[in-house]
Amino acid sequence: MQSFPVTRTSAPKTRPADETLRFGEVFTDHMFMMEYHEGRGWHDPRIVPYAPFSMDPACCVLHYAQAVFDGLKAFRGADGQVRIFRADRHAARLNKSCDLLCIPRLDPAVVEDSFRALIEVDQEWVPAKHGTALYIRPTVIATETFLGVHPSHSYLYYVILSPVGAYYKEGLNPVKILVSDEHVRAVPGGLGSAKTAGNYAASLYAAQEAEKKGYTQVLWLDGRQREFLDEVGTMNIMLRIGDTIVTPPLSNGTILDGVTRNSVLALLRDWGLPVEERAISIHEVTKAHSEGQLTEMWGTGTAAVISPVGELGYKDNRMVINEGRIGDLTQRLYDAITSIQYGATNDAHGWITTVPTKQHAA
Ligand code: COI
């Protein structure tokens, strides 16, 4: 692992108790930074005290959202060891997002090392309570000062860390989801498969409308026909219809290649369960529900890990799934993924990288 210059804070913050953690509200003492300038490439990687940036009001990211990010987590196991979940896949995905936003790629080894080195500095901030984690937010923003629309000639890569609890206030309790047949988050040929700021901005209006109607989030349909399932909120969607687990495919470029999605599919295949990555019509879902075949439905994502869907609203139809309770398979998947993340189960897939900590020398 490469090391980076570190400037330590002279004013460490008070860490919140694990029991009080929600999602993304507090940040650790340090952050990682590295700049890009055309002709020079990525340069000056370093760890510095967490602090606000000073930006020119004409900085292009503030106007045209040339920005990508990713999100991954580190977990403290019962043994005290800190483990990062699938850092390599997140670093690779950050670069795929960069490609779509015309941002120069980063060296994935530097990205992975930036996570490890920063967590090593802020290791005391990794919470220990089951269900908590240290959320890692690598971000790239365009930094050139100009108002013309073209790819920036300079960028900032930075990483911040946030000790977190559950993403949804419901925790692992099933959420109510409204099928959005009016608004869409992505279209084929667009940026749906990139983790970029604009996709999340595009999701706000429909989510707010759904909230007003008593739902936690929306289930997005495809942008052409408003028929085929896309994502749920900021997560990938999976359904159990009969004995088969189905999830929309990545092939049309509108869906994020979720790391939890990929991990869940790997586990389901390990367990010998039938899995289909294919287009799923909302009419198939309502039919399966009316025939009693829609037995479980859940979202997968880094922030919430697994989020069961207890009710699905589509037009005037309110479909209650598994009597509004978490399903057996949903629970099994949550337990399996979190056991690997907290180091309670053997990491058969090689998904974990450990962080050198005071307690556990590398
Ligand atoms: C995730 O599920 O990890 C997300 O994408 C949510 C994040 C944008 C807060």
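In which strand is the place of Ser 307? Ser 307 belongs to strand S15, residues 305-314. The views below show a predicted model, in which local features need pLDDT of at least 70, side-chain atom pairs count only at pLDDT 80 or more, and totals for chains, interfaces and linings use all residues. Residues are numbered from 1 along each chain as its sequence is written, and side-chain values use heavy atoms, with hydrogens and water left out.

**View 1. Ser 307 in strand S15.** Strands here are DSSP runs of E with at least two residues, helices are runs of H or I with at least four, and both are numbered from the N terminus. Ser 307 is buried, at 2% relative accessible area. Buried means under 20%, exposed over 50%, and partly exposed in between, with a 1.4 Å probe and protein chains only. Setting aside neighbours within four places in sequence, Ser 307 contacts Tyr 168, Val 175, Met 235, Trp 298 and Gly 299. Contact means heavy atoms within 4.5 Å.

View 2. Lys 195 places a polar side-chain atom 2.7 Å from a ligand oxygen. From Thr 302, a backbone N or O atom lies 3.2 Å from an oxygen atom of the ligand. For Ala 303, a polar backbone atom is 2.9 Å from a ligand oxygen. On its own the ligand has 280 Å² of accessible area, and the protein covers 90% of this. Such areas come from the Shrake-Rupley method with a 1.4 Å probe; for residues, only the protein chains shown count as cover.

**View 3. Helix H3, residues 108-121.** Its 14 residues should span 20 Å at 1.5 Å a residue, and the end C-alpha atoms are 20 Å apart, which agrees. The expected span is 1.5 Å times one less than the number of residues. Since 11 of the 14 residues are buried, H3 is largely enclosed by the rest of the structure. Among the buried ones are Val 110, Glu 112, Phe 115 and Ile 119. Asp 107 caps the N-terminal end of H3, with a side-chain oxygen 2.9 Å from the backbone nitrogen of Ala 109.

**View 4. Phe 115 and the largest nonpolar core.** This core has 49 residues. A nonpolar core is a set of buried Ala, Val, Leu, Ile, Met, Phe, Trp, Tyr and Cys residues joined through side-chain atoms within 4.5 Å. Phe 115 is one of those with the most contacts inside the core, as are Ile 84 and Tyr 157. Beyond four places in sequence, Phe 115 contacts residues including Leu 72, Ile 136 and Val 159.

**View 5. Thr 132 in the loop between H3 and strand S6.** Thr 132 is buried, with 3% relative accessible area. Among the residues Thr 132 touches, leaving out those up to four places away, are Asp 18, Phe 75 and Tyr 342. A polar side-chain atom of Thr 132 lies 2.5 Å from the backbone oxygen of Lys 129.

Definitions and conventions:
Polar contact = N/O pair within 3.5 Å; in protein donor to acceptor, adjacent residues only side chain to side chain.
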